[in-house]
Amino acid sequence: MIIPPGEEGIALMLAPAFPDRPLLSMRFSKPLVMSVALALAAAIFSSTDAWAQPAERSGKDVVDKVCSKCHATGAQGAPKIGDKPAWSKRASQGLSSLTEHALTGIRQMPAHGGSPDLTDFEIKRAVTYMVNQSGGKWVEPISKKSPPAPRTGEEVVKAQCYKCHETGKGGAPKIGDRDAWIPRLKEGLDATVRSAMKGHGGMPARGGMADLSDSELRSAVIYLFRGPAPGKRP
Ligand code: HEC
Ligand code: HEC
């Protein structure tokens, strides 16, 4: 059977209505599979209308261009990037509060870091990025406006993820092994992508590729699930 690429492909493969149902093994109830299909269908819609939007800068971009002016050196008493004690104290108030202070300014910290063109969302990502560069383990918020992935899922997997996911090293679910992947997708694709951002057990955060964008990571997860030969089951 021919499976269309991308998320539609996953939704189709998981859809209970599909006549050829290799995935509906005894272990998965119909409602579960249905809810996975629905979650994935929702993901398709949210990513399609997103493509019309302009690109949003990553936390790293914003920090490199704007925030590092003070936060790289600690100018004027700014908590320095990499200074774990300074950031962990501030981070304990949580992302919303930190973002609020970055938006409105606090003492010597100018509102929006002095760049009014930054969106609230970009500020939030920048804060997360600085916290994570300083010993934090926060998840950079996923943009609803992410542009399409500059690197394909296949490219990302071949550059990095295959190192563990090809052989199943450390218990990594293997590329294209749908029996191993379906239980991990039961909360929906977004949840699995978020889990890969954070990492857990033998899985490093973002698979060990710090520069991987959210949408690239998402494409890579889809590729890991689908395997290398679209349309042909391994
Ligand atoms: C002109 C210098 C300057 C720039 C540029 C700057 N900051 Fe700051 N920032 C500061 C200073 C100084 C403080 C410490 C303020 C204090 O607590 O007295 C600070 C503190 C903060 C805090 C901690 C707030 C809190 O509640 O403790 C956050 C978060 C922050 N900055 C985020 C950012 C972000 C995001 C950017 C870039 C968009 C940025 N800053 C750019 C100077 C700067
Ligand atoms: C150093 C080895 C290693 C690399 C490199 C790696 N992974 Fe993993 N990955 C693992 C292991 C081990 C697990 C299983 C972790 C567990 O469930 O305890 C895993 C699990 C996952 C999961 C499932 C998460 C969940 O919540 O069940 C996803 C998704 C994933 N990896 C994506 C990726 C992507 C995408 C890449 C490349 C960008 C990548 N991995 C690179 C080792 C790796």
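In this predicted model, α3 and α6 pack with their axes 9 Å apart, at an angle of about 70°. Angles of 65 to 115 degrees count as roughly perpendicular, so α3 and α6 are roughly perpendicular to each other. On the α3 side, the contact is made by Gly59, Lys60, Val62, Val63, Cys67 and His71. From α6 come Glu122, Arg125, Ala126, Thr128, Tyr129 and Met130. By class, this contact has six nonpolar, three polar and three charged residues.

Now turn to ligand 1. Its shell has 26 residues. Cys67, Cys70, Arg107, Met109 and Gly113 are the closest. Cys67 also belongs to the contact of α3 with α6. Which helix gives the largest share of the shell? That is α3, with six residues. Helices α3 (59-71), α5 (95-104) and α6 (120-132) each supply at least two shell residues. By class, the shell divides into 16 nonpolar, seven polar and three charged residues.

Next, the nonpolar cores. The largest has 17 residues. Inside it, Val157, Leu217, Ala220, Val221 and Leu224 have the most contacts. At least two residues of this core come from each of α7 (153-165), α9 (189-198) and α10 (214-226). The largest share is that of α10, with seven residues. Take Val221. Leaving aside neighbours within four places in sequence, Val221 is in contact with Leu189, Thr192, Val193 and Ala196.

A second core of 16 residues is separate. Among its members are Val66, Ala91, Leu118 and Val127.

Note on methods: Residues are numbered from 1 along each chain as its sequence is written. Chains are lettered from A and ligands numbered from 1 in the order in which they are written. This is a predicted model: local features need pLDDT of at least 70, side-chain atom pairs count only at pLDDT 80 or more; totals for chains, interfaces and linings use all residues. A residue is near a molecule or strand if its C-beta atom, placed from the backbone, lies within 6 Å of it. Helices (H or I, at least four residues) and strands (E, at least two) are DSSP runs, numbered from the N terminus. Ala, Val, Leu, Ile, Met, Phe, Trp, Tyr, Cys and Pro count as nonpolar, Asp, Glu, Lys and Arg as charged, and the others, Gly among them, as polar. A nonpolar core is a set of buried Ala, Val, Leu, Ile, Met, Phe, Trp, Tyr and Cys residues joined through C-beta atoms within 7 Å. A residue is buried if 20 or more other C-beta atoms lie within 10 Å of its own, exposed if 12 or fewer, and partly exposed in between; C-beta atoms are placed from the backbone. Two residues are in contact if their C-beta atoms, placed from the backbone, lie within 7 Å. Axes are lines fitted to C-alpha atoms, for helices over the stretch in contact, and angles run from 0 to 180 degrees between N-to-C directions. Angles under 35 degrees count as roughly parallel, over 145 as roughly antiparallel, 65 to 115 as roughly perpendicular and the rest as oblique.
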